[in-house]
Amino acid sequence: MAHFLNDDLEYVVDDYYDVADFEEDPFGDDLPHKNDAIDSDFEDEFDLSKPKTDTSAMEARNGKDIQGIPWERLSFTRDKYRETRLKQYKNYESLTRSPEELEMPCLEVEKGTNFYDFHFNTRLVKSTIVHFQLRNLLWATSKHDVYLMQNYSVMHWSSLLRRGNEVLNVAKPIVPTMKSPGSLAQSLSRVQISTMAVKEGLMVAGGFQGELICKNLNHPGVAFCTKLTTDENAITNTVDVYHNPSGSLRVMSANNDAQVRVFDAGNFACLNRFSFDWSVNNTSVSPDGKLVAVLGDNADCLIADAQSGKVTGSLKGHLDYSFASAWHPEGRILATGNQDTTCRLWDIRNLSESVAVLKGRMGAIRAVKFTNDGRFLAMAEPADFVHIIDAQSGYVKGQEIDIFGEIAGISFSPDTEALFVGVADRTYGSLLEFNRRHFNQYLETMF
């Protein structure tokens with residue numbers, strides 16, 4: 001992955017591509033041009049400390065923009081702004097390809113069905129990102145509990161109480177509470193969180209300088225933290241929490257130093273490390289804990305044995321680097337998200353070619369997630385679009401969520417009832433909540 005220094009938590013997307021500002025002023029009024037790519041293109045006079053910045057489903061039905069953008073006060077319409085964004089957005093590429101090469105056969109997805117309806121948007125907590133290619137910074141542990149990064153704070157949002165609180169401040173010195181002989185634990189300070197995962201009561205975060213932080217949500221303090229590598233290019237690109245085949249809880253990290261490390265989630269001893277030929281941007285372990293998908297600075301993705309790290313298969317078809325993957329809960333289908341603007345679906349029983357290719361609207365696919373029941377696949381672009389695809393239809397029916405702003409992360413709740421989307425923007429940074437629509441709900445009321 002591309003590497004750069006980011007000492008002040010400055011958003012640096014504009015160093016690579018222009019996603020927010022117009023090249024010209026087609027509407028007559030100058031929009032603000034900022035060095036900060038997450039800056040908003042819209043002015044807003046709202047006091048962000050007050051709940052009036054929130055938007056409810058009822059307000060949205062009555063015509064209010066779900067993000068609270070006051071289109072009626074602007075000199076251009078939402079449709080006109082969307083049209084211009086689509087024309088001027090520049091997707092970041094690591095490997096240069098001709099437009100003809102990028103025009104690959106993709107599934108025709110029928111849009112128009114709402115599988116998840118807008119429920120609530122709050123700007124009392126707002127997502128932030130520190131690396132433009134890493135967007136796993138939001139996790140839901142229930143339909144009422146969401147964890148997200150907000151500058152140097154890991155925040156918890158309760159959608160039931162509609163209140164946020166700080167779980168961990170990583171700007172301050174972090175001293176691990178669990179120490180054992182031979183432990184790699186060490187104190188850290190002012191960590192810039194680049195990726196995170198929250199599962200099984202454990203919050204695991206990776207840092208911009210190769211840090212790893214593990215916190216038990218039911219206990220004060222941080223159980224374990226360390227710096228995984230001293231390499232200059234050391235970003236922790238992804239972390240995962242999973243069960244191995246015997247049921248033991250494990251933590252896996254993948255770094256720019258081309259290594260994947262496996263830790264025991266009980267005592268945080270490093271159990272294994274696997275080396276690859278390129279920076280590893282993403283890993284995901286299969287539901288049975290036996291296989292791991294390894295994606296990185298290579299057009300091909302790998303399938304390896306999760307216990308030994310031995311490569312057992314190679315996935316060929318993507319045209320650029322990959323940064324996201326997810327397993328269908330049945331363990332047969334793997335989804336991979338790539339900078340070539342596609343998500344490919346692979347059948348683990350036959351890796352010779354992908355079984356389907358899904359295309360985004362304008363940018364790379366930087367996050368992919370399945371619902372726990374396997375019914376839906378969500379894939380998020382770097383900005384503006386989240387796609388919900390119905391797996392039951394053969395991935396040919398979908399819903400497109402159309403918003404404005406960088407997407408810091410997406411997460412379904414474990415019970416599949418909610419989908420949360422983190423938006424990173426100076427003014428309109430927020431947390432969006434969508435609730436699953438039940439089409440047979442009227443039948444349930446008859447019994």
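Lys-87 is exposed, at 64% relative accessible area. Keep in mind that this is a predicted model. What does Lys-87 pair with? Its salt-bridge partner is Glu-83, and the closest N and O atoms sit 3.1 Å apart. Glu-83 is partly exposed, at 34% relative accessibility. Both residues belong to helix H2, residues 78-88. They are four residues apart there, so about one helical turn separates them.

That is one bridge. How many salt bridges does a search of the whole structure find? The count is 19.

Next pair: Asp-347 and Arg-332. Their side chains meet in a salt bridge, 2.9 Å from N to O. This one links distant parts of the chain, 15 residues apart. Asp-347 is in strand E22, residues 342-347. Arg-332 is in the loop between strand E20, 322-327, and strand E21, 333-338. Buried or exposed, for Asp-347? Asp-347 is buried, because its relative accessible area is 10% and the cut-off for buried is under 20%. Arg-332, at 32%, is partly exposed.

Arg-436 lies in strand E29, residues 430-436. Asp-373 lies in the loop between strand E24, 367-370, and strand E25, 376-380. The pair therefore ties together parts that are 63 residues apart in sequence. Arg-436 counts as buried, at 15% relative accessibility. Asp-373 is partly exposed, with a relative accessible area of 42%.

Now the network. Which residues are linked in a network of salt bridges? They are Asp-65, Arg-78, Arg-82, Arg-85, Asp-384 and Asp-402.

Look at where the lining comes from. Several strands each supply at least two residues. Among them are strand E4, 138-142, strand E8, 193-199, and strand E16, 280-285. E20 and E24 are also on that list, as is strand E27, 397-412. Which strand gives the most? That is E12, with six residues. E12 runs over residues 236-243.

Last topic: backbone angles. Most residues other than glycine have a negative phi.

Start with Phe-268. Its phi is near 60°, a positive value in a residue other than glycine. Where is Phe-268 found? Look in the loop between strand E14, 259-264, and strand E15, 270-275. Phe-268 is buried, with 4% relative accessible area.

Then Tyr-395. It is not a glycine, yet phi is positive, at about 65°. Tyr-395 sits in the loop between strand E26, 383-390, and E27. E27 also supplies residues to the lining of the largest pocket. Tyr-395 is buried too, at 11%.

To recap. The search gives 19 salt bridges. The Lys-87 and Glu-83 pair stays within H2, whereas Asp-347 and Arg-332 link distant parts of the chain. E12 gives the most to the lining of the largest pocket. Phe-268 has a positive phi, and Tyr-395 has one as well.

Terms used. Residues numbered from 1 in each chain as written. Predicted model: local features only at pLDDT ≥ 70, side-chain atom pairs only at ≥ 80, totals over all residues. Heavy atoms only, no water. Salt bridge = Lys/Arg side-chain N within 4 Å of Asp/Glu carboxyl O. Buried < 20%, exposed > 50% of the residue type's maximum accessible area, 1.4 Å probe, protein only.
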